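Here is my note on this model, as numbered points. Keep the structure open beside it and look up each residue as it comes.

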Amino acid sequence: MAWVNENFTALQDSYLFSQVAHKVAAYSAAHPEQKIIRLGIGDVTLPLAPVVVEAMQKAAAEMGVKETFRGYGPEQGYGFLQEALVKYYAGFGVTLEASEVFISDGAKSDCGNITDIFDDANVILVPDPVYPVYLDTNRMRGRKIRFMEGTPENGFLPMPDPAVKADIIYLCSPNNPTGAAYSKAQLKEWVAYARQNGAVILYDAAYEAFIEDGELPRSIFQIEGAKECAIELCSLSKTAGFTGTRCGYTVVPLALKRKTKSGKELSLNKMWLRRQTTKFNGVPYVVQRAAEAVFTPEGQKQCRANLAYYKENARLIGQALEEKGILYYGGTNSPYIWLQCPRQMKSWEFFDFLLEKLGIVGTPGSGFGSRGEGWFRLTAFASREATEEAVARLRKQL
């Protein structure tokens with residue numbers, strides 16, 4: 001008898017965004033005349049930057065020539081991209097070694113895969129509301145999970161509670177889904193907590209490129225002592241529109257070490273390298289050359305122009321909500337707008353209202369956790385035309 005993993009019974013039958021897609025598909029089939037504006041899933045709409053496409057085309061041509069053809073590459077990433085990221089981090093004051101940077105096919109994958117290097121006896125601390133991947137990947141392992149509540153009172157930025165002991169802490173800043181971002185002072189408290197308790201922070205920085213406020217950290221490694229207690233995961237999906245291209249990176253400091261149950265001290269950097277060389281074949285050469293181009297001066301200029309486009313979309317949505325007197329978070333330093341459902345609606349109730357009355361798709365806050373009930377997430381990743389039309393509908397009917 002082949003036993004299956006019973007922990008899967010603790011999961012909902014379908015992933016949050018699959019539920020949303022199913023409901024939208026059913027509504028569209030019943031109402032083909034309705035133009036649907038999608039402000040739900042955080043997928044980009046602008047094409048890749050020209051310099052990125054040029055690099056990809058050049059790399060693809062290399063693959064068609066015997067002398068420049070590449071087969072299997074290093075599982076942790078090519079040196080040229082690791083070095084480009086080292087220079088990128090130096091731009092906001094973080095010093096890294098190339099061997100601390102691991103190239104991946106996206107932050108979502110690494111958020112789940114990183115659990116391989118931790119014992120299942122660890123207590124996991126996740127925010128609520130929360131990006132579902134943090135929660136579900138640990139439920140799949142049967143780990144004990146504790147929640148820290150994000151509320152309007154704390155700005156949806158929960159802080160350490162000395163009475164709560166945890167071993168693995170998930171932080172996301174700017175946050176998905178709330179758009180809230182931790183200050184340096186707040187992250188100092190988290191680093192102090194982790195070091196005091198021997199915990200490890202898994203810091204999701206997928207939206208760091210949206211930060212405009214110079215007082216907000218772009219990386220947890222801007223905080224002294226973080227290299228002894230944190231791993232940072234990041235993605236090019238939103239930074240450079242790589243949602244369909246798949247490339248991200250994880251930083252595991254050489255200074256980060258923890259003990260096994262038997263008392264043997266291990267380097268998490270070496271453990272992650274061993275995991276990746278065993279279970280991962282690396283990101284394609286063509287994609288890594290495209291990613292390298294993102295971090296050139298011209299690449300940064302072009303990608304920043306795309307980010308500015310999405311930031312303007314967020315501003316337009318936020319302005320409309322303000323006019324209607326609707327409380328929201330995010331929209332600045334973040335591509336997400338986290339709004340309080342009007343008229344005390346429940347999250348899925350408001351989802352149905354927006355879809356059926358306005359033809360707008362968003363994401364119910366309750367799908368991100370119990371503290372998300374009564375809240376709703378909109379994204380700024382639609383086209384300008386679609387965003388302006390959505391804003392017009394909100395102003396007229398909300």
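1. Start with Glu 323. At 51% relative accessibility, this residue counts as exposed, because the cut-off for exposed is over 50%. Remember throughout that the model is predicted.

2. Which residue does Glu 323 form a salt bridge with? The partner is Arg 395, and the closest N and O atoms are 2.6 Å apart. Arg 395 lies in helix α12 (residues 384–397), while Glu 323 lies in helix α10 (residues 297–323), so the pair ties together parts that are 72 residues apart in sequence. Arg 395 has 31% relative accessibility and counts as partly exposed. Some salt bridges also share partners: Asp 116, Asp 120, Arg 141, Arg 143, Arg 275 and Lys 279 are joined into one network in this way. The count of salt bridges comes to 15.

3. Asp 136 and Arg 139 both lie in helix α5 (residues 132–139). They are three residues apart, about one turn of the helix. A salt bridge links Asp 136 with Arg 139, and their closest N and O atoms are 4.0 Å apart. Arg 139 counts as partly exposed, at 29% relative accessibility.

4. Next comes a pair in a loop. The side chains of Glu 208 and Arg 218 meet in a salt bridge, at 2.6 Å from N to O. Glu 208 lies in the loop between β6 and β7, and Arg 218 lies in the loop between β6 and β7 too, so the pair ties together parts that are 10 residues apart in sequence. Are these two residues buried or exposed? Glu 208 is buried, and Arg 218 is buried as well.

5. Move on to strand β7 (residues 230–235). Six of its six residues are buried, so the strand is largely enclosed by the rest of the structure. Check both faces. On one side sit Ala 230, Glu 232 and Cys 234, and on the other sit Ile 231, Leu 233 and Ser 235; all are buried.

6. Which strands pair with β7? Strand β6 (residues 200–204) pairs with β7 in the parallel sense, over four bridges. Here Ile 201 has Ala 230 of β7 as its bridge partner. Strand β8 (residues 248–251) pairs with β7 in the antiparallel sense, also over four bridges. There, Leu 233 has Thr 250 of β8 as its bridge partner.

7. Leu 339 deserves a look. This residue is in strand β12 (residues 336–340). Its relative accessible area is 2%, so Leu 339 is buried, the cut-off being under 20%. What does Leu 339 touch? Leaving aside residues up to four places away in sequence, its contacts are Leu 321, Ile 326, Leu 327, Tyr 328, Phe 350, Gly 374, Trp 375, Phe 376 and Leu 378. Leu 339 and Gly 318 are 21 residues apart in sequence, and their C-alpha atoms are 9.2 Å apart in space.

8. Last, the record. An unreviewed UniProt entry carries the annotation "domain: Aminotransferase class I/classII large" for residues 35–394. Over residues 35–394, the chain is 36% helix and 17% strand. How far apart are the end C-alpha atoms of residues 35–394? They are 15 Å apart.

Terms used
Residues numbered from 1 in each chain as written. Predicted model: local features only at pLDDT ≥ 70, side-chain atom pairs only at ≥ 80, totals over all residues. Heavy atoms only, no water. Helix = DSSP H or I, 4+ residues; strand = E, 2+ residues; numbered from the N terminus. Buried < 20%, exposed > 50% of the residue type's maximum accessible area, 1.4 Å probe, protein only. Contact = heavy atoms within 4.5 Å. UniProt positions renumbered as here; feature names shortened; annotations may be inferred. Pairing = 2+ DSSP bridges.
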